[in-house]
Amino acid sequence: MQRFFAALATSLLLIPTTHALETPSGRVLLTVTGDIATTNVGEEAQFDRERLMTLTQHETVTSTPWHDGVMRFSGPLVSALLEAVGGKGDELRVTALNDYSASVPVSDVMDYPVILAMTMNGEPLSIRDHGPLFIIYPFDEHPELLNEEIIVRSVWQINRIEVR
């Protein structure tokens, strides 16, 4: 009988589990929906600033079509966000506060260090400065990305992402 319980306990350790996301305690900045396995509020994954900070962070130093000179952006990798929610789609529908939206292929965020910028030059992005979240591609590191197709994917004032 003891062997049975030991075998049962060992087999339970081998079963894949989905880790729950903590429910945000601050103002929700981002809601992720769609083809995701991990949620924290109903069928959504909601993130406040603190929850976003727990994801793998990255800094991108680049020029952009919207700023004069080179800027230093930091925030979570979009690939880390997808990992956290168990995103399984091929496309992200990224939507801004004003309901502007663009489709971002998941391959973009897997092939390049695309971030959800939360800060620029060390300061939190305000709505006036394209925040609170702004998709930033590494344009200077990968000049091939600086084209109209990618520029329209660089959504700012993001508040929703649907994984499709």
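What is the order of the strands in the open sheet of 5 strands? The order is E2-E1-E11-E5-E6, and the pairing is mixed. The model is predicted, so local features need pLDDT of at least 70 and side-chain atom pairs count only at pLDDT 80 or more, whereas totals for chains, interfaces and linings use all residues. Residues are numbered from 1 along each chain as its sequence is written, and side-chain values use heavy atoms, with hydrogens and water left out.

Strands (E, at least two residues) and helices (H or I, at least four) are DSSP runs numbered from the N terminus, and two strands pair if DSSP finds at least two bridges between them. At the edges of the sheet are strand E2 (45–48) and strand E6 (101–105), each of which pairs on one side only. From one strand to the next, the twist averages 20°; axes are lines fitted to C-alpha atoms, and angles run from 0 to 180 degrees between N-to-C directions. Strand E5 (residues 91–96) runs antiparallel to E6 and is joined to E6 by 5 bridges. Glu91 stands opposite Pro105 in E6.

The largest nonpolar core has 44 residues. Such a core is a set of buried Ala, Val, Leu, Ile, Met, Phe, Trp, Tyr and Cys residues joined through side-chain atoms within 4.5 Å. Leu30, Val32, Phe47, Leu92, Leu116 and Ile158 touch the most other members, and helix H3 (residues 78–85) gives the most to this core, with 6 residues. Leaving aside neighbours within four places in sequence, Phe47 is in contact (heavy atoms within 4.5 Å) with residues including Leu21, Leu52, Leu81 and Val85.

Gln157 lies in the loop between helix H5 (148–151) and strand E11 (158–163). Gln157 counts as buried because its relative accessibility is 16%; buried means under 20% relative accessible area, exposed over 50%, and partly exposed in between, with a 1.4 Å probe and protein chains only. Residues up to four places away in sequence not counted, Gln157 touches Thr95, His130 and Leu133, among others.

The structure holds 6 aromatic pairs. Rings of Phe, Tyr and Trp (its six-membered ring) pair if their centres lie within 6.5 Å; planes under 30 degrees apart count as stacked, over 60 as edge-to-face and the rest as tilted. The rings of Trp66 and Phe139 form a tilted pair because their planes are at 55°, with centres 6.4 Å apart. Trp66 is in the loop between strand E3 (57–63) and strand E4 (70–76) and Phe139 in the loop between strand E10 (134–136) and H5, so the pair ties together parts 73 residues apart in sequence. Trp66 is partly exposed at 24% relative accessible area, whereas Phe139 is buried at 2%. Ring pairs link Trp66, Phe73, Phe134, Tyr137, Phe139 and Trp156 into a cluster.
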